[in-house]
Amino acid sequence: MPEARTSTPRERYRTQVRAEIKEHAWEQIAAAGASALSLNAIAKRMGMSGPALYRYFDGRDELITELIRDAYRSQADTFRAAADAGADLAGLAHALRAWALDDPQRYFLIFGTPVPGYRAPDDITGIAAETMAVIVGVCAALPSAPPSDGTADAFDAHLEDHRQWAGDHPAPAPVLHRALSFWSRLHGVLSLELAGQYTGMGFDPALLFDAELKDLLGP
């Protein structure tokens, strides 16, 4: 039985041109940052007029949204694949670092300085939440953390009424706290590494990442 045709030649051409526009956008971001993104410059690079390019993206914000959506989807899929393969928190951490090092500009587009004047649509938050759901799920499977010195208890109590970021996951507050600590501290180390802040300091950032991870996971 022949396969049903899912798209017309015009639709396939449109998809191809949009993909090429995004490739040029990533090149611009790598050279000058997301705030310098210019559709007119991309059009010139592709041999198109500015108005012609706007047939594929309504404007800069739509293009940025597509790039951010692709970046978050790539990250969420990476975490989901790692978790489905049985990764523990250490495995997720190394999947995160590999993903970030593979394309630092993609990393900084979603975790770096916000683009001035740009506001992401709500569905972006939903994709980002998929990654956090994976982390919370893996944290929930760990043995209970030892009692804290009391400082963490205040934040745990706060999380009881501020857990919307975790969706409908039933994990108790200490598990949510552990997930947030994991996410925040490893991103801190990664952001400094990718920004070149460790360059010239004479140590291996990979070993620092592992040391921070070991400290987070405990004995």
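1. Buried here means under 20% relative accessible area, exposed means over 50%, and partly exposed lies in between, with a 1.4 Å probe and protein chains only. By that cut-off Ala100 counts as buried, at 0% relative accessibility. Ala100 is found in helix H5; helices (H or I, at least four residues) and strands (E, at least two) are DSSP runs, numbered from the N terminus.

2. On the basis of the values: this is a predicted model, in which local features need pLDDT of at least 70 and side-chain atom pairs count only at pLDDT 80 or more, while totals for chains, interfaces and linings use all residues. Residues are numbered from 1 along each chain as its sequence is written, and side-chain values use heavy atoms, with hydrogens and water left out.

3. Overall layout. The protein chain has ten helices and zero strands, and its pattern along the sequence reads α-α-α-α-α-α-α-α-α-α. Its C-alpha atoms fill a box of roughly 65 × 55 × 35 Å, taken along the principal axes. Of the 219 residues, 36% count as buried. Contact means heavy atoms within 4.5 Å. Among contacts with a separation of 6 or more, 70% come from residues 24 or more positions apart.

4. The core. A nonpolar core is a set of buried Ala, Val, Leu, Ile, Met, Phe, Trp, Tyr and Cys residues joined through side-chain atoms within 4.5 Å. The largest one has 59 residues, and Ile21, Leu63, Leu92 and Ile135 have the most contacts inside it. Two or more residues of this core come from each of H1 (9–32), H2 (39–45), H4 (60–84), H5 (89–102), H6 (104–111), H7 (122–140), H9 (173–194) and H10 (205–217). H9 gives the most, with ten residues. As for Ile135, its contacts beyond four places in sequence are Phe79, Leu89, Leu92, Ala179, Phe182 and Trp183.

5. H5 against H6. These helices pack at an angle of about 105°, with their axes 5 Å apart. Axes are lines fitted to C-alpha atoms, for helices over the stretch in contact, and angles run from 0 to 180 degrees between N-to-C directions. Angles under 35 degrees count as roughly parallel, over 145 as roughly antiparallel, 65 to 115 as roughly perpendicular and the rest as oblique. H5 is therefore roughly perpendicular to H6. On the H5 side the contact involves Trp99, Ala100, Leu101 and Asp102, and on the H6 side Pro104, Arg106, Tyr107, Ile110 and Phe111. By class, these residues are seven nonpolar, no polar and two charged. For the classes, Ala, Val, Leu, Ile, Met, Phe, Trp, Tyr, Cys and Pro count as nonpolar, Asp, Glu, Lys and Arg as charged, and the others, Gly among them, as polar.

6. H4 against H5. The two axes come within 10 Å and cross at roughly 145°. The crossing is right-handed; a crossing is left-handed if the near helix is turned anticlockwise from the far one by less than a right angle, and right-handed if clockwise. Ala71, Ser74, Gln75, Thr78, Phe79, Ala82 and Ala83 of H4 meet Leu92, Ala95, Leu96 and Trp99 of H5. This contact divides into eight nonpolar, three polar and no charged residues.

7. H7 against H9. Here the axes come within 9 Å and cross at roughly 120°, so H7 and H9 are oblique to each other. Their crossing is right-handed. H7 contributes Thr131, Met132, Ile135, Val136, Cys139 and Ala140, and H9 contributes Val175, Leu176, Arg178, Ala179, Leu180, Phe182 and Trp183. Eleven of the residues in this contact are nonpolar, one is polar and one is charged.

8. Leaving aside neighbours within four places in sequence, Arg97 is in contact with Leu190, Glu193, Pro205, Ala206 and Phe209.

9. Gln28. This residue is in H1 and is buried, with a relative accessible area of 18%. Beyond four places in sequence, Gln28 touches Gly33, Ala36, Leu37, Ser38, Ala41 and Ile42. Gln28 and Pro174 are 146 residues apart along the chain, and their C-alpha atoms are separated by 42 Å.
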